Amino acid sequence: MRIIKKYFVFLISFALLFTAAQIGIGLLLTLSYAPDFSSAGGSLDSQTAFGQTSLNETFAVIMFAAATLAYFLTEKLFKASSISEK
């Protein structure tokens, strides 16, 4: 039962950290974006396109960092709970 509990704590913490990292990076990229109107050539398109849809290195690094943080948070939570149970 303890393994299942530990797994769910890890899963939830990983999902929260990964989501927070994605939102944070998205906000930073949006804030630092400066459109280049000089390359439009006089006519601007009325459609909007958002980034890439494929996985890239940044996504893999974020996923690895979120998994690492989630693992250490899980270990810290279970060490603290095992100390308080004794």
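**Figure 1. Phenylalanine 14 and phenylalanine 18 share helix α1.** The two residues sit 4 residues apart, about one turn of the helix. The model is predicted: local features need pLDDT of at least 70, side-chain atom pairs count only at pLDDT 80 or more, and totals for chains, interfaces and linings use all residues. Residues are numbered from 1 along each chain as its sequence is written, and side-chain values use heavy atoms, with hydrogens and water left out. Helices (H or I, at least four residues) and strands (E, at least two) are DSSP runs, numbered from the N terminus. Rings of Phe, Tyr and Trp (its six-membered ring) pair if their centres lie within 6.5 Å; planes under 30 degrees apart count as stacked, over 60 as edge-to-face and the rest as tilted. By this rule there are 3 aromatic pairs. Phenylalanine 14 and phenylalanine 18 form a stacked one, 6.0 Å centre to centre with 20° between the planes. Ring pairs link Phe10, Phe14 and Phe18 into a cluster. Phenylalanine 18 is buried, at a relative accessible area of 17%. Buried means under 20% relative accessible area, exposed over 50%, and partly exposed in between (1.4 Å probe, protein chains only).

**Figure 2. Tyrosine 71 and phenylalanine 72 make an edge-to-face ring pair.** Their ring centres are 5.5 Å apart. The planes meet at 70°, so the pair counts as edge-to-face. Tyrosine 71 lies in helix α2, which spans residues 57-85. Tyrosine 71 is partly exposed, because its relative accessibility is 42%. Phenylalanine 72 has 52% relative accessibility and so counts as exposed.

**Figure 3. Serine 13 is a buried residue of helix α1.** Its relative accessibility is 13%, so serine 13 counts as buried. A polar atom of the serine 13 side chain lies 3.0 Å from the backbone oxygen of phenylalanine 10. Not counting residues up to four places away in sequence, serine 13 touches Ala70 and Thr74. Contact means heavy atoms within 4.5 Å. Tyrosine 71 is 58 residues from serine 13 in sequence, yet the C-alpha atoms of the two are 8.3 Å apart in space.

**Figure 4. Threonine 74 is a buried residue of helix α2.** Its relative accessible area is 2%, so threonine 74 is buried. Which residues does threonine 74 touch, not counting residues up to four places away in sequence? They are Lys6, Val9, Phe10 and Ser13.

**Figure 5. Leucine 77 is an exposed residue of helix α2.** Leucine 77 has 52% relative accessibility and therefore counts as exposed. Valine 9 lies 68 residues from leucine 77 along the chain. Their C-alpha atoms are separated by 8.8 Å.

**Figure 6. A nonpolar patch on the surface includes methionine 1.** Its members are Met1, Ile4, Tyr7, Phe8, Leu11, Ile12 and Leu16. Together they have about 800 Å² of accessible area. Like charges are joined within 9 Å, nonpolar side chains (Val, Leu, Ile, Met, Phe, Trp, Tyr) within 5 Å. Methionine 1 belongs to the segment before α1 (2-32). Its relative accessible area is 83%, so methionine 1 is exposed.

**Figure 7. The protein has 2 helices and 0 strands.** Of its 86 residues, 8% count as buried. The accessible surface of the protein comes to about 7,600 Å². Carbon and sulfur atoms hold 69% of that surface. Accessible areas come from the Shrake-Rupley method with a 1.4 Å probe; for residues, only the protein chains shown count as cover. Among contacts with a separation of 6 or more, 97% join residues 24 or more positions apart.

Methods: Patch = residues over 30% accessible without salt bridge, like charges linked within 9 Å, V, L, I, M, F, W, Y side chains within 5 Å. Salt bridge = Lys/Arg side-chain N within 4 Å of Asp/Glu carboxyl O. Polar contact = N/O pair within 3.5 Å; in protein donor to acceptor, adjacent residues only side chain to side chain.
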